[in-house]
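Me: I am new to this kind of model. Could you take me through its features one at a time?

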Amino acid sequence: MAQDLLKLKRQATDIRKRNLRLIFEAHHGHTGGDLSAADILTVLYFGGVLQVDPDHPKAPDRDRFFMSKGHCSGLLYTTLALAGFFPEAELSTYMQPLSRLSGHPSTHVPCVEANTGALGHGLPIATGAALAAKLDGTPWRAFVLTGDGELQEGSNWEAAMIAAQQELENLICIVDRNRLQMMGRTERISALEPLAEKWRAFGWAVCEVDGHDHVELLEHLTHLPVAKGKPTCIIANTCKGRGVSFIEDRAACHHRVPTEAELNAALEELDAACTIR
Amino acid sequence: MSQDETIELHDCRNAFASALEALAERDPRVMVLCNDSVSSTKLTHFAERYPDRLLNIGIAEQAMLGMGAGLAIGGKLPFIAGAACFLTARALEQIKNDLAYTHTNVKICGVSTGLAYGPLGATHHAIEDIAWLRAIAGMTIIVPADPVESAQAVEAAAETEGPIYLRFSRMGVPIVHSPDYQFRIGRAARLRDGSDVTLIACGTLVPRILEAAERLARQGITARVLNMATIRPIDRDAIVKAVAETDAIVTAEEHTIYGGLGSAVAEVVATAGTRFCPVGTLGIPGVFAPTGSAEFLMDYFGLTPKGIVNAAMDLLARR
Ligand SMILES: Cc1ncc(C[n+]2csc(CCOP(=O)(O)OP(=O)(O)O)c2C)c(N)n1
Ligand SMILES: [Mg+2]
């Protein structure tokens with residue numbers, strides 16, 4: 001177990017580093033949101049949570065993962081490449097002319113299930129996918145990762161009601177609760193709190209975790225569903241820009257591209273943090 | 001695009017933001033709503049100056065457009081600003097029912113239009129917005145070409161009762177209108193005259209048809225150039241005249257060829273044409289655009305002076 005956790009920690013660091021280089025090379029990207037969700041994707045793809053196979057990305061009984069906060073395509077592509085879904089070298093084509101690594105997730109990329117990017121689409125799609133699995137009596141699950149600002153879109157709450165009504169216990173919505181959206185703090189723009197109570201009121205089983213703690217994430221994501229007959233919402237409390245001190249928790253880092261000096265400092269900081277603890 | 005290096009390029013969003021601020025100074029009814037898009041609409045300064053008159057309502061376009069209607073019903077003059085892709089697509093029913101059908105005095109200001117968000121992919125390209133809104137009764141659609149026209153379009157929209165869609169690119173454009181230019185809703189601006197072919201464009205394609213006209217002139221072909229900034233209501237007279245007085249029409253727009261400027265022009269030609277006049281429509285040919293910078297995609301789809309010249313030559317070869 002300790003060995004596995006060390007591996008995950010290294011993996012998360014590798015993802016963050018490669019992700020930052022990707023953004024730097026493309027001169028585009030969503031630095032804050034990528035780093036915010038890096039531990040969640042690490043645990044999903046490398047912690048044995050998602051039942052997906054790079055050799056059979058279209059296997060009918062695979063789990064479906066929807067990156068609803070599609071602006072964080074950089075993180076998704078980096079994770080998928082490092083997980084073996086496509087060659088790592090291709091990452092250098094991110095957002096380049098005619099690349100399939102478009103600035104928002106594209107289904108031309110193996111294991112990407114939907115073209116997200118307009119916020120508030122992932123949960124309704126995942127609800128439909130979960131319903132399909134339930135109707136067919138198949139064991140696969142639908143996972144969706146949403147931003148927290150993204151939850152201001154009403155479509156999420158429409159889907160939330162339907163999912164509870166349909167008792168979709170094979171539906172898992174993870175909220176990247178970093179408390180920042182593009183222009184500032186969610187609570188100062190259109191407050192979400194009490195967020196856990198909202199989800200409960202909508203009929204979901206809710207748990208709150210530290211979204212950077214691999215143990216906690218694993219604990220919940222490997223014991224699903226949380227409640228019989230209910231969809232699960234995991235509120236992952238995170239820090240936008242996590243892992244790089246001068247990016248962390250700053251609204252301006254939503255889509256600010258690091259300079260070369262900043263990139264090098266960031267890579268150094270990430271390496272140092274990985275070796276110390 | 002082979003442009004003179006010394007020509008200064010402008011981002012029409014800045015002209016939009018300044019004009020809106022000037023308007024707000026004069027008209028206390030002016031109120032702005034944004035969907036977490038204060039900086040991408042260039043309204044940061046507005047927000048600082050009028051903190052109570054710009055509201056970032058969060059990421060909720062449907063509610064935002066509906067609120068616009070409510071603000072208007074309550075006596076305000078709302079301008080709703082955000083990325084065109086989300087404002088139009090996400091809230092289309094609100095635009096149809098709450099703005100157009102109810103005929104509320106709401107102005108929608110879509111920025112980063114067309115292929116401006118090129119590398120971000122097709123979710124972020126706004127290449128269907130004109131078609132969607134053009135199908136709705138009572139909508140006015142304005143696509144300014146440069147900062148001069150952008151500023152005047154904001155003024156004209158404020159003076160005209162009813163729902164109006166203003167479309168501002170983020171791509172750098174040269175100034176094509178002289179300072180004494182007078183924008184009028186529903187009136188095309190003739191920027192150059194000729195008798196062989198008429199080139200009609202809106203927005204970012206206007207400087208490109210001007211450049212194409214220049215190149216055609218070098219080959220002895222004279223082109224009339226129309227800036228069709230208002231797509232709805234379209235300037236029928238200008239089109240009917242073009243049919244009567246020139247031998248072909250080429251339209252160019254940063255939008256799908258289905259339902260936009262080209263379609264609007266072709267509808268007039270087909271129903272009101274007095275003589276045969278072939279129409280070529282340049283735009284995005286009914287596909288989701290791939291990834292790439294806006295410049296790259298404009299080249300990719302032939303939305304260049306060269307592409308416009310070729311289209312004109314092809315049509316004229318049929319004479
Ligand atoms: C429908 C829609 N409206 C607006 C946007 C523009 N946008 C992209 S990211 C973003 C902020 C998202 O904040 P959040 O969901 O909290 O994501 P995170 O903090 O994880 O980056 C906005 C407003 C969009 N992509 N889709
Ligand atoms: Mg957030």
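Me: Which protein donors does the magnesium ion (ligand 2) have?

Reply: Remember first that this is a predicted model. To read a metal site, look for the protein atoms that lie next to the ion. Here the donors are A:Asp148 through OD, A:Asn178 through OD1 and A:Leu180 through O, lying 2.1 Å from the magnesium ion. Along the chain these donors follow the spacing D-x29-N-x1-L.

Me: Where does ligand 1 lie?

Reply: For a ligand, ask which chains and residues are around it. Ligand 1 lies between chains A and B. It is surrounded by 24 residues. The closest are A:Lys69, A:His71, A:Asp148, A:Lys240 and B:Glu61. A:Asp148 is also one of the donors of the magnesium ion.

Me: Which polar backbone atom is 2.9 Å from an oxygen atom of ligand 1?

Reply: Backbone atoms can be checked one pair at a time. That polar atom belongs to A:Leu180, whose O is also a donor of the magnesium ion. Now take nitrogen atoms of ligand 1. A polar backbone atom of A:Gly117 is 2.9 Å from a nitrogen atom of the ligand. A backbone N or O atom of A:Leu119 also lies 2.9 Å from a nitrogen atom of ligand 1.

Me: Which strands pair with S3(A), and in what sense?

Reply: To read a strand, find its partners, then its direction. S3(A) covers residues 171-177. Strand S2 of chain A, residues 142-147, pairs with S3(A) in the parallel sense over 6 bridges. As an example, A:Thr146 has A:Val175 in S3(A) as its bridge partner. From S2(A) the chain crosses through helix H5, residues 154-165, to S3(A), and this β-α-β crossover is right-handed. Strand S5 of chain A, residues 232-237, is parallel to S3(A) and joined to it by 6 bridges. In this pairing, A:Asp176 stands opposite A:Ala236.

Me: How many residues of S3(A) are buried?

Reply: Count along the strand, then check each face. In S3(A), 7 of its 7 residues are buried. One side carries A:Leu171, A:Cys173, A:Val175 and A:Arg177.

Me: Why look at salt bridges?

Reply: Side chains of opposite charge can pair when their charged atoms come close. A search of the whole structure finds 31 salt bridges over all chains. One of them joins the side chains of A:Glu169 and A:Lys228, at 3.1 Å from N to O. A:Glu169 is in the loop between H5 and S3, and A:Lys228 is in the loop between helix H8 (214-221) and S5 of chain A, so this pair ties together parts 59 residues apart in sequence. A:Glu169 is partly exposed at 25%, while A:Lys228 is exposed at 72%.

Me: Which residue meets A:Arg177 in a salt bridge?

Reply: The partner is A:Glu193, at 2.9 Å from N to O. A:Glu193 lies in the loop between helix H6 (186-189) and helix H7 (195-201), while A:Arg177 is in S3 of chain A, so parts 16 residues apart in sequence are tied together. A:Arg177 is buried, with a relative accessible area of 1%. A:Glu193 is partly exposed at 34%.

Me: What is the peptide bond from A:Glu193 to A:Pro194 like?

Reply: Read omega here. The bond is cis, with omega near 0 degrees. A:Pro194 sits in the loop between H6 and H7 of chain A. In chain B, the bond from B:Arg232 to B:Pro233 is cis, with omega near 0 degrees.

Me: What is phi of A:Cys111?

Reply: Phi is another backbone angle to check. For A:Cys111 it is near 80 degrees, a positive value in a residue other than glycine. A:Cys111 lies in the loop between helix H3 (73-82) and helix H4 (122-136) of chain A. A:Cys111 is buried, at 7%. A:His27 has phi near 60 degrees, again a positive value in a residue other than glycine. A:His27 is exposed, at 58% relative accessibility.

Note on methods. Residues numbered from 1 in each chain as written. Chains lettered and ligands numbered in written order. Predicted model: local features only at pLDDT ≥ 70, side-chain atom pairs only at ≥ 80, totals over all residues. Heavy atoms only, no water. Buried < 20%, exposed > 50% of the residue type's maximum accessible area, 1.4 Å probe, protein only. Helix = DSSP H or I, 4+ residues; strand = E, 2+ residues; numbered from the N terminus. Pairing = 2+ DSSP bridges. Right-handed = clockwise from strand over helix to strand, strands pointing away. Salt bridge = Lys/Arg side-chain N within 4 Å of Asp/Glu carboxyl O. Donors = N, O, S within 2.8 Å, 3.2 Å for Na, K, Ca; no water. Near = heavy atom within 4 Å. Polar contact = N/O pair within 3.5 Å; in protein donor to acceptor, adjacent residues only side chain to side chain.
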